[in-house]
Amino acid sequence: MKMGAAAGQLLLFSGKGIMTTQILPADAPEAAAVAARWIRAGELVAIPTETVYGLGANALDPAAVDKIFTAKGRPSDNPLILHLTGAGQIADYCRDVPEIAYVLAEKFWPGPLTMVLCASDTVPKRTTGGLSTVAVRCPESAVTREIIRLAGVPIAAPSANLSGKPSTTTAAHVYHDHAGKIPLIIDGGPCRVGVESTIVDLTECPPRLLRPGGITPAQLREVLGELVIDRAVTAQLAPGEVAKAPGMKYRHYAPAEPVIIVSGSREAAARYIRAHFAPGDRVLCFEEELPLYAGCAPLAYGKEADAATLSHGLFAALRELDSAQIPHVYARCPVGEGIAYAVQNRLKKAAGFCIVDAEAAL
Ligand code: TXA
Ligand code: MG
């Protein structure tokens, strides 16, 4: 295979043909129109959102949706989220929509909230992974909503990472994973939130939180009253246990090497990690802790005192640490119920729920 580079582009010449991956800044005047053309042509476009970059396709075209599963290496039973321009489109793709869905949309859209509703027949089973429900959300990014509007179809978009790997929060991450496989990446800069949207299932009563994200359980409870937290959010599912969000049953967000979360006070954790640290290991910690890990190759992903910086930096840090050359990563995980709750969930999944209590272990 030969490779030729041009500004912002990678050309791959292979026996299977040539695919040029173009990166267009979100503020380029033609960005939305070019992206919408590719979507209408049944191709994949990487789209920026406030949560993570998505790998988008026409949600109503099973052949286009197939390309998402192939590009990501995603299991075919894992359904996709439909990205809409607003609440006005919900009724086009969902049936028996409860009034509360519109109340939530009014309060949190555009924004990092996904709602699971009953799917109408307009949504192909390929998109819903065979389920009778469908997940819908309206992203904050103006260019992405304009792409959906111009394409005239909802865009199905999972996080643009390769399946199982840490999510993509910059255009460079998407380029790393998909250069030569997709025609276009719209570069909207680093994602504001940095972890995927909150998913709430409204087909159950009381509603169920399937994935924590930028909209917190407390914010949801203010509107919903009661909210059940799905077990997959906080614990490893037993073999054979059915996940309400099929994606939650897979190993996820994980770098190549084992990640061990070390909980407990700052001092206890540092004592434990320094005692177990071996050459080549890495430490993923809070900025405030950097001085405690001199000589242990620490990487800070944000400030413990400001959980939004942790969600913003988590996936870039996990991607930086994604290397089979690293024997172990010792990770510090925030406590708390706001956006920290979503960071905990992603980090625990990246660690396969391997958590050591430093206070008890010392
Ligand atoms: O922030 C986000 O939601 C990003 C951006 C691109 O919008 N998208 C995203 O998609 O995170 P993905 O495919 O990586 O995660 C979607 C999750 C999966 O765990 C999937 O199983 C679940 O949503 N899901 C999708 N449709 C569902 C449904 N009908 N019922 C239950 N879970 C569903
Ligand atoms: Mg994902």
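**Figure 1. Overall view of the protein chain.** The protein chain holds 13 helices and 19 strands, where helices (H or I, at least four residues) and strands (E, at least two) are DSSP runs numbered from the N terminus. This is a predicted model, in which local features need pLDDT of at least 70 and side-chain atom pairs count only at pLDDT 80 or more, while totals for chains, interfaces and linings use all residues. Residues are numbered from 1 along each chain as its sequence is written, and side-chain values use heavy atoms, with hydrogens and water left out. Of the 362 residues, 54% count as buried, meaning under 20% relative accessible area, with exposed over 50% and partly exposed in between (1.4 Å probe, protein chains only).

**Figure 2. Close-up of Tyr253 and Phe315.** These residues form a tilted aromatic pair, 5.5 Å centre to centre with 40° between the planes; rings of Phe, Tyr and Trp (its six-membered ring) pair if their centres lie within 6.5 Å, and planes under 30 degrees apart count as stacked, over 60 as edge-to-face and the rest as tilted. Because Tyr253 lies in the loop between α9 (231-234) and β15 (259-263) and Phe315 in helix α11 (residues 307-320), the pair ties together parts that are 62 residues apart in sequence. Tyr253 and Phe315 are buried.

**Figure 3. Close-up of Phe286 and Tyr301.** The ring centres of Phe286 and Tyr301 are 6.0 Å apart and their planes are at 40°, so this pair is tilted. Phe286 lies in the loop between β16 (282-285) and β17 (298-300), and Tyr301 in the loop between β17 and α11, 15 residues apart. Both Phe286 and Tyr301 are buried.

Key. Chains are lettered from A and ligands numbered from 1 in the order in which they are written.
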